[in-house]
Amino acid sequence: MTFSTVLQILALIAFILAAVGWKYRKTEPLTIGLALWSLSLLIGMNFSRISTLILLLAFIAFVVAAIGLGYKKLNLIAIGLALWMLSLLVEPVLHIS
């Protein structure tokens, strides 16, 4: 079992905890799951690609959201998900290989 697989299993557990409504203080299990999942994808990626750097920014947004920090009315989960989608679309749209 690879480290990436272990992270994905932990993300699944975090998603299940979020689904049943578990919380601990300001910690949100949904963002923990998203952070673990994005980290599992980052492992082994080539950091010279722009999509990987954008996914790294999404991971940082999820981590900041997971520890309960925020800025005014910005939704860090939505920002992280938007960055994640951008990381998936930037190379096919711009035809970068």
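Visitor: What makes the crossing of α2 and α3 left-handed?

Guide: The crossing of α2 and α3 is left-handed because a crossing gets that label if the near helix is turned anticlockwise from the far one by less than a right angle, and right-handed if clockwise.

Visitor: What should I know about the model and its numbering?

Guide: This is a predicted model, where local features need pLDDT of at least 70, side-chain atom pairs count only at pLDDT 80 or more, and totals for chains, interfaces and linings use all residues. Residues are numbered from 1 along each chain as its sequence is written, and side-chain values use heavy atoms, with hydrogens and water left out.

Visitor: Why are α2 and α3 called roughly antiparallel?

Guide: Their axes come within 8 Å and cross at roughly 155 degrees. Axes are lines fitted to C-alpha atoms, for helices over the stretch in contact, and angles run from 0 to 180 degrees between N-to-C directions. Angles under 35 degrees count as roughly parallel, over 145 as roughly antiparallel, 65 to 115 as roughly perpendicular and the rest as oblique. Therefore α2 and α3 are roughly antiparallel to each other.

Visitor: Which residues make the contact between α2 and α3?

Guide: From α2 they include L34, A35 and S38; from α3 they include L55, F59 and F62. Contact means heavy atoms within 4.5 Å.

Visitor: How many helices and strands are in the chain?

Guide: There are four helices and zero strands. Helices (H or I, at least four residues) and strands (E, at least two) are DSSP runs, numbered from the N terminus. Along the sequence the pattern reads α-α-α-α.

Visitor: How do you know whether S38 is buried or exposed?

Guide: Buried means under 20% relative accessible area, exposed over 50%, partly exposed in between (1.4 Å probe, protein chains only). S38 has 0% relative accessibility, so S38 counts as buried. S38 sits in helix α2, residues 29-42. Beyond its neighbours within four places in sequence, S38 is in contact with L55, F59, F62 and W84.

Visitor: Why does S51 count as buried?

Guide: S51 has 5% relative accessibility, so S51 counts as buried. S51 lies in helix α3. Not counting residues up to four places away in sequence, S51 touches S87, V90 and E91.

Visitor: How many aromatic pairs does a search of the whole structure find?

Guide: The search finds three. Rings of Phe, Tyr and Trp (its six-membered ring) pair if their centres lie within 6.5 Å; planes under 30 degrees apart count as stacked, over 60 as edge-to-face and the rest as tilted.

Visitor: What does the pair of F15 and W37 tie together?

Guide: F15 lies in helix α1 (residues 3-19) and W37 in helix α2, so the pair ties together parts that are 22 residues apart in sequence.

Visitor: Why is W37 called partly exposed?

Guide: W37 has 38% relative accessibility, so W37 counts as partly exposed.

Visitor: What makes the pair of W37 and W84 edge-to-face?

Guide: Their planes are 70 degrees apart, and their centres 5.1 Å. W84 lies in helix α4 (residues 76-94), so this pair ties together parts that are 47 residues apart in sequence. At 9% relative accessibility, W84 counts as buried.

Visitor: Which residues form one aromatic cluster?

Guide: F15, W37, F62 and W84 do.
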